[in-house]
Amino acid sequence: MTTPSTSQMHALRSGADWLASAPPGIQEEFLTGLSEGALLALPYLFEFWAQPHQLPPEGEWRTWVVMGGRGAGKTRAGAEWVRAQVEGSRPLDPGAARRVALLGETIEQAREVMVFGDSGILACSPPDRRPKWEASRKRLVWPNGAVAQLFSAHEPENLRGPQFDAAWVDELAKFKRAGEAWDMLQFGLRLGPAPRQCVTTTPKNLPVLKAILSAPSTVTTHAPTESNRAYLAASFLDEVRARYAGSRLGRQELDGQLLEDAEGALWTLAGLEAARLSAVPPLDRIVVAVDPPVTGRADSDECGILVVGAATQGPPQDWRAVVLEDASVAAASPNVWAEAAIAAMERHGAERLVAEVNQGGDLVESVIRQIDPMVPFRAVRARKGKAARAEPAAALYEQGRVKHLPGLAALEDQMCRMTVQGFQGGGSPDRVDALVWALHALMIEPAAHWRRPRVRTL
């Protein structure tokens, strides 16, 4: 296969978007004008087809992290980066790297995804540069002599001894021994003038990933699942978005965002995902809880407004609650948040509005009754710190007695930053405060006063 000329390469690299949106006649004219070599090379010129997040940033870096949602094209980016490292101008010419480590969760995962996968190295390689798979030695060998060796993160000790000038690590966040495997790889990445590595992963709150991202020698690119929609089934995108939109899991697995749980958090991402619910069960009571801001200025905290329902038949250990809606509003005048809270009551048929009055006192009830004089209202006053009030509510989650409907991502972010030492985020945990007041009103206080009916005997 003949290498395209410089001018043709320039046209190919800069014209992908133009060609994709051009009328069929223009597309045919463009392709007809290419030389035979350029036309044969076109499917394998990744810089032509790639999206921005799939191309390595310029500059001096040691680690490139491609962080994205499921199906965002991360594997293709890693496979093409390996190609770019090992291939020379012609099939037998040496490239920048000659000894590459391919690190997957297991050998099987590395082989099936990184080597033989639909977006793996073999699928991406042109015929005259395609490496040969040596199964007995678990490695790829290119026509120019470059070698890529497979390793399993389950066996980090196997990385002792070998040395490399490049490495590709796929789905680091899945590794059960991620820290050990990463450390062993770093000791072996020591050949050549500037050894480099590419990490392709869906993010997860792991210490090793956070350490990699914070290193000065690390660069990152990022993309959500939708960025690769042209290569994904429309039904897949519709289904996962409908099911996970607005959840922390959706933001992690689809948007490719690194979501952190604060150290000592009362709630964690894993725990909240276990609390996911898709439909509302029968409920006996529904309340709207409000945590009003101290003032109505533009820089005030938000007003937390949570709608929570509960099924409270039988003894307290059988009671269950469901968080139905986060109706919180941005910093606004008292009339605005009061109207929002009453509107939430009407939407869900809530029996009572519960509001904290530590800061506003009688003014809180006065504002609410200006909107609806007959609203069932209960004032609550905090006598403990936020963390102490939240602990009984967190215990209900640990017991599996509170569930979440979709669309509560902002609330869940605050929950994962509430620790036994206090709130570790910026501002006030207004949504969490409202949630805690609702659960106290529905579950915690009634349980404290519940008594099993006495049975008379004759």
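User: Where is Pro406 found?

Analyst: Happy to start there. In this predicted model, Pro406 belongs to the loop between strand 14 (402–404) and helix 17 (409–415).

User: Is Pro406 buried, exposed or partly exposed, and why?

Analyst: Buried means under 20% relative accessible area and exposed means over 50%, with partly exposed in between. Pro406 has 37% relative accessibility, so this proline counts as partly exposed.

User: How far apart are Pro406 and Tyr244 in sequence and in space?

Analyst: Along the chain, 162 residues separate Pro406 from Tyr244, while their C-alpha atoms lie 7.0 Å apart.

User: Now helices. How should I read one, and what does helix 6 look like?

Analyst: An α-helix has 3.6 residues a turn, so residues three or four places apart point the same way. Helix 6 covers residues 74–86, and its 13 residues reach 19 Å from first C-alpha to last, close to the 18 Å expected.

User: How many residues of helix 6 are buried, and what do they pack against?

Analyst: Ten of the 13 are buried, leaving helix 6 mostly covered. Among them are Ala77, Trp81 and Val82. The partners of the buried residues include helix 5 (46–49), strand 1 (63–68) and strand 7 (196–201).

User: And how do I look for empty space inside?

Analyst: Rolling a probe the size of a water molecule over the atoms shows where empty space is left. Here, a search of the whole structure finds one cavity of 30 Å³ or more. The largest cavity has a volume of about 40 Å³.

User: Which residues line the largest cavity?

Analyst: The lining includes Val86, Arg129 and Trp142. By type, the lining divides into four nonpolar, two polar and three charged residues. Val86 is also one of the buried residues of helix 6.

Terms used. Residues numbered from 1 in each chain as written. Predicted model: local features only at pLDDT ≥ 70, side-chain atom pairs only at ≥ 80, totals over all residues. Heavy atoms only, no water. 1 Å grid on protein atoms, 1.4 Å probe; cavity = no way out; pocket = protein on both sides within 12 Å on 5 of 7 lines; lining within 4 Å. Points joined across faces, edges and corners; volume = space filled by probe spheres on them. Nonpolar A, V, L, I, M, F, W, Y, C, P; charged D, E, K, R; others polar. Helix = DSSP H or I, 4+ residues; strand = E, 2+ residues; numbered from the N terminus. Expected span 1.5 Å × (residues − 1). Buried < 20%, exposed > 50% of the residue type's maximum accessible area, 1.4 Å probe, protein only. Contact = heavy atoms within 4.5 Å.
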